[in-house]
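Here is a short tour of one protein model, with the sequence and structure side by side.

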Amino acid sequence: MENSLVSIICICYNQEDFVVASLNSVLYQSYKNIELIIVDNGSKDGSEEKIKSWLNERGRLNQIKTIFHSHSINYCKAFNEALQLANGDYIIDLSGDDVLFPEHVELSVKALKISPEAALCSSDAELYEEETQKIANFFPLSNKFLPSGWEPKGNIYKEVVGNHCLSTPTMVFRSSILKQEGGYDDNLVYEDFDIIVRLARKYNFAFSSHIGVKKRLHKTSFAKQQYKARESKMLWSTYKVCQKIKGMNQSKEEDLALVFRCKHEAKHALASANFEVARCLLELAVESGAKGLGIIFLKAWCFLKLDLSYMYKIYSGT
């Protein structure tokens, strides 16, 4: 197993408080055949200096490559550029504010070796609220639409369309498949929803029950921008992915999963006063078979443009 090279792409943007811990977590892996590719995506804080200092302290270790952008570019494009430099059999996309637990690579590679048909392996994650210092795990899922003890493995296309049921920061990709499928879609603002539905349409997924990643949740984290009041760019990317899903679906059940996803995202879009993208999501939901009082209520809210974004911001902590 140790003969397989794992490429870890660590992309940092304004994460000076966290990036050293992230890089150290790569060094502390029990699995040693690792290539590290560090990308500073045009940080405006001290991230670049922190990265260069970290490199200098270690004498620029073998199997480390670096890219320093003078200004920030699209995240998906930055990842794809690094992906072209990656020589590994497996690929990890590590955010500059997340931390890998020591056995994450070893256990994930083991699961992928056992499931040679799988495009990726995911695992559990520790979710750490930076402001409140609250800790929770991603699993078990509190989701009434999935059976108790359900795990994201095998053919799970319908499940990833309809539910947030996979811990994307823990994903370890099979490099040959990720590259064959063109990496991330750099027409999108964020990557994970799109790549998992594209891969799940064609391939099985593997799962390992270990806790692999410490996912930091803080005010400036990418995840907190999903439902930014009145000007969410991420919601437009979500809508584009939903349009793709409509074209990929092959059954009524899959269309119903898309309806569930569109309604879920439309509710958040409405609550955050992103009314135009909410309208588009609701139209796609109707096109996919949505009906009933729920969709009528959401369309009325959208028509009236009732702005509850201030209350939503307090409720969601964003």
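## Surface and burial

The protein exposes about 15,100 Å², and carbon and sulfur atoms supply 53% of that area (Shrake-Rupley method, 1.4 Å probe). Of its 318 residues, 54% are buried, meaning under 20% relative accessible area, with a 1.4 Å probe and protein chains only.

This is a predicted model, in which local features need pLDDT of at least 70 and side-chain atom pairs count only at pLDDT 80 or more, while totals for chains, interfaces and linings use all residues. Residues are numbered from 1 along each chain as its sequence is written, and side-chain values use heavy atoms, leaving out hydrogens and water.

## Overall fold

You will find 12 helices and 9 strands in the protein; these are DSSP runs, with helices being H or I of at least four residues and strands E of at least two, numbered from the N terminus. The radius of gyration is 20 Å, close to the 20 Å that the globule rule gives for 318 residues, so the protein is as compact as a globular protein of that length (taken over C-alpha atoms; the rule is 2.2 Å times the number of residues to the power 0.38).

## The α7 and α8 pair

The axes of helix α7 (residues 192-202) and helix α8 (residues 233-248) come within 10 Å and cross at roughly 10 degrees (lines fitted to C-alpha atoms over the stretch in contact, with angles from 0 to 180 degrees between N-to-C directions). That makes α7 roughly parallel to α8, the term for angles under 35 degrees.

Note on methods
Angles under 35 degrees count as roughly parallel, over 145 as roughly antiparallel, 65 to 115 as roughly perpendicular and the rest as oblique. Buried means under 20% relative accessible area, exposed over 50%, partly exposed in between (1.4 Å probe, protein chains only).
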